[in-house]
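Visitor: Good morning. I would like to go through this structure with you, one topic at a time.

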Amino acid sequence: MSVLPVLDVVLASLVIGVALFTITARDLFASVVGYVAYGLLLAFVWIRLYAPDVALTEAAVGSGVTGVLLITAGKRLGALKNAAPEMRPGLSLKILTGVLATLVAGALGAAILMLPDPPPSLAPEAAAAASGAGAGLKNPITAVLMSYRSFDTMLEKIVLILAVVGVWSVGADKAWGGAPAPLRQSRPYAPMVLLAQTLAPVGVLIGIHIFWTGADAPGGAFQGGALLAAMWMVTMMARLAGPPRIDAQWLRMAMVAGPAVFLVTGLAGGVLAGSFFAYPPGIAKPVILAIEGFMVLSIATALPMLVAGPPSERPDQ
Amino acid sequence: MTTLLELFSVAAISVGAFFFFAGTVGLLRFPDSLTRLHALTKADNLGLGLVALGLLPRADNTLSALKLIVIWALVLLSGASTAQLIGRALRRGRK
């Protein structure tokens, strides 16, 4: 008897156990910690399902960036709770949320249990399309993302920008255009500074490597971009760099660069290669890598801006 | 030579696993957060270091071996720094 099925069952039970802990924990911070652990365990599940690309994304975005986002959101909620205790959600709202969440989970579970055997799949079609237009890329996942479902991939980045716009618009009117409040420490703390100074150069290198190697091996724009974003967050947390003003031209250009370049290339494909989002055969790989490079830029700027939160200083400061 | 290397691998990974085991027992059994932190960093630093050391002879090429060492170094760095941060948070909480 092999030991792997046993490990799989243990892993699956751990995921369910940590998920239960996350929703039943009474303390918000404990719940967030549970969520981060849940994301890391889920990354292992993806590795066991032979999906290292998804595992990388889950670890970097699902667990890492979302974890930081939830911790900062929790801190802000805590400050709010002390200021206005009557603003806590009532029992009926909690029950309604619970019922809605159960309905969604139930619908998902029912859909999976009622799948015909074998389940319908677009995979062969996607693989065929990817090996056609995405020729030159050895990683089929990147080929599918950039060639078979390029429109979805572009829209994902637009969702990120919309989320940043949403966060920014929560800020006060007079703070508009200013910089978000600095993250965490009120003044530099030596171990944090050491961590940022040592980790950031290595992390940036690994981030670029993951993006670059994504053409031929597990990796890609989102995973690499998320790593670069994390490195920026670490330097902001160590107070080595403050969050930029939200009306900074370079910041806004960097954030829209990914989807904009993607869209322009897609439109150009309509003229040069025969259809919307088609790549000219022969130079498909360099074109895809160029688009991905700009998308890395967008992701690496949008994610830290989500974490940094709404602008809090007046523009004239 | 290969048998020796195999033996070395098994020995190093076993000792590493023991450190993880000991660290986990410490995490569960030690009385307060600072001592639990102490147990945890031993598991991270020595346990992972020994596992990485044991995996070195089994690496496909020099590059993968280097990657293993880099992973260990990164965990050392982040483990030591987060232990400092948690320790400071604890000390501030007590005051």
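Guide: Before the first topic, a term: a residue is called buried if 20 or more other C-beta atoms lie within 10 Å of its own, with C-beta atoms placed from the backbone. Please also keep in mind that this is a predicted model.

Visitor: How many of the residues of chain B count as buried, then?
Guide: By that criterion, 12% of the 95 residues of chain B are buried.

Visitor: Which elements does chain B have?
Guide: Chain B contains 3 helices and 0 strands. Read from the N terminus, the order is α-α-α.

Visitor: What radius of gyration does chain B have?
Guide: The value for chain B is 16 Å, whereas a compact globule of 95 residues would have one near 12 Å. The C-alpha trace of chain B spans about 55 × 25 × 10 Å along its principal axes.

Visitor: And what share of its contacts join residues at least 24 apart?
Guide: In chain B, that share is 60%, counted among contacts between residues at least 6 apart in sequence.

Visitor: What is the pLDDT of chain B on average?
Guide: Chain B averages 88, and 98% of its residues score at least 70. For the complex, the predictor gives an ipTM of 0.82 and a pTM of 0.85.

Visitor: How many residues of chain B are in contact with chain A?
Guide: On the chain B side there are 6 residues, which are in contact with 7 residues of chain A. The chain B side of this contact consists of 3 nonpolar, 3 polar and no charged residues.

Visitor: Let us turn to chain A. Into which domains is it divided?
Guide: Chain A has domain 1 (1-88) and domain 2 (122-317). Their C-alpha centres lie 23 Å apart. Domain 1 of chain A gives 11 residues to the contact between them, and domain 2 of chain A gives 15. On the domain 1 side, 7 residues are nonpolar, 3 polar and 1 charged.

Visitor: Which residues touch the most other members of the largest nonpolar core?
Guide: That core has 65 residues, and those touching the most other members are Ala226(A), Ala229(A), Met233(A), Val234(A), Ile299(A) and Leu303(A). Helix H11 (284-308) of chain A is one of the elements that give two or more residues to the core. H11(A) supplies the largest share, 15 residues. Domain 1 and domain 2 of chain A each contribute at least three residues to this core.

Visitor: What is Val234(A) in contact with?
Guide: Leaving aside neighbours within four places in sequence, Val234(A) contacts Leu195(A), Ala196(A), Leu199(A) and Ala200(A).

Note on methods. Residues are numbered from 1 along each chain as its sequence is written. Chains are lettered from A and ligands numbered from 1 in the order in which they are written. This is a predicted model: local features need pLDDT of at least 70, side-chain atom pairs count only at pLDDT 80 or more; totals for chains, interfaces and linings use all residues. Helices (H or I, at least four residues) and strands (E, at least two) are DSSP runs, numbered from the N terminus. The radius of gyration is taken over C-alpha atoms; the globule rule is 2.2 Å times the number of residues to the power 0.38. Two residues are in contact if their C-beta atoms, placed from the backbone, lie within 7 Å. Ala, Val, Leu, Ile, Met, Phe, Trp, Tyr, Cys and Pro count as nonpolar, Asp, Glu, Lys and Arg as charged, and the others, Gly among them, as polar. pLDDT is the predictor's confidence in each residue, from 0 to 100. A nonpolar core is a set of buried Ala, Val, Leu, Ile, Met, Phe, Trp, Tyr and Cys residues joined through C-beta atoms within 7 Å. Domain bounds come from an automatic or database domain assignment.
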